[in-house]
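Here are a few friendly notes to read alongside the model. Take them in order, with the structure open beside you.

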Amino acid sequence: MDMIIDFPGGARVDAHFRGHDLATDQPAGGGEDSAPMPFEVFLASIGTCAGIYILGFCRQRGIPTDGIRILQRHTANPMTGMMDKIELEIQVPPTFPKQYHDALIRSADLCKVKKTLENPPKFEIVTKEVATA
């Protein structure tokens with residue numbers, strides 16, 4: 001899948017893919033805080049990906065998802081600012097079947113974003129001259 005990343009003004013950097021537009025902004029870089037920062041989008045992709053797998057698990061078993069949510073916590077290294085730990089706490093209502101608690105964890109563990117972080121891809125960054133569109 002290809003994405004087009006462009007610069008619509010200010011500190012905005014937007015991504016366009018599959019007919020979707022994903023806006024980001026960088027308030028610390030003079031932006032207007034009109035959209036999430038790119039790193040916030042990255043972090044949100046972890047929890048939402050885990051959520052997709054939890055949703056699928058519940059749907060397959062006809063378990064309502066009302067009252068289920070994920071609390072995602074981040075612990076950064078104070079020296080580098082890089083993430084040392086990301087915790088996902090799956091919160092379920094008291095009515096959620098207790099026999100499925102561990103299965104929810106296993107479902108969230110299938111998240112493709114998490115698995116990609118555990119086995120990171122190689123990055124290749126190049127420049128190429130193209131005529132402006």
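**Notes on the sheet and the cysteines**

1. Ile-4 lies opposite His-16 of β2. Further along, Gly-9 has Arg-12 in β2 as its bridge partner. The model is predicted, so to speak of local features a pLDDT of at least 70 is needed, and side-chain atom pairs count only at pLDDT 80 or more, while totals for chains, interfaces and linings use all residues. Residues are numbered from 1 along each chain as its sequence is written, and side-chain values use heavy atoms, with hydrogens and water left out.

2. β1 pairs with β2 (residues 12-17) in the antiparallel sense, over four bridges. Strands here are DSSP runs of E with at least two residues, numbered from the N terminus, and two of them pair if DSSP finds at least two bridges between them. The two strands make a hairpin with two residues between them, and Gly-10 in the turn has a positive phi of about 60°.

3. The open sheet has three strands in the order β1-β2-β3, with antiparallel pairing. β1 (4-9) and β3 (20-24) each have a single partner strand, so one side of each lacks a neighbour in the sheet. From one strand to the next, the twist averages 25°, taken between N-to-C directions of lines fitted to C-alpha atoms, on a scale from 0 to 180 degrees.

4. Are Cys-49 and Cys-58 buried or exposed? Cys-49 is buried, at 11% relative accessible area, and Cys-58 is buried too, at 0%. Buried means under 20% relative accessible area, exposed over 50%, and partly exposed in between (1.4 Å probe, protein chains only).
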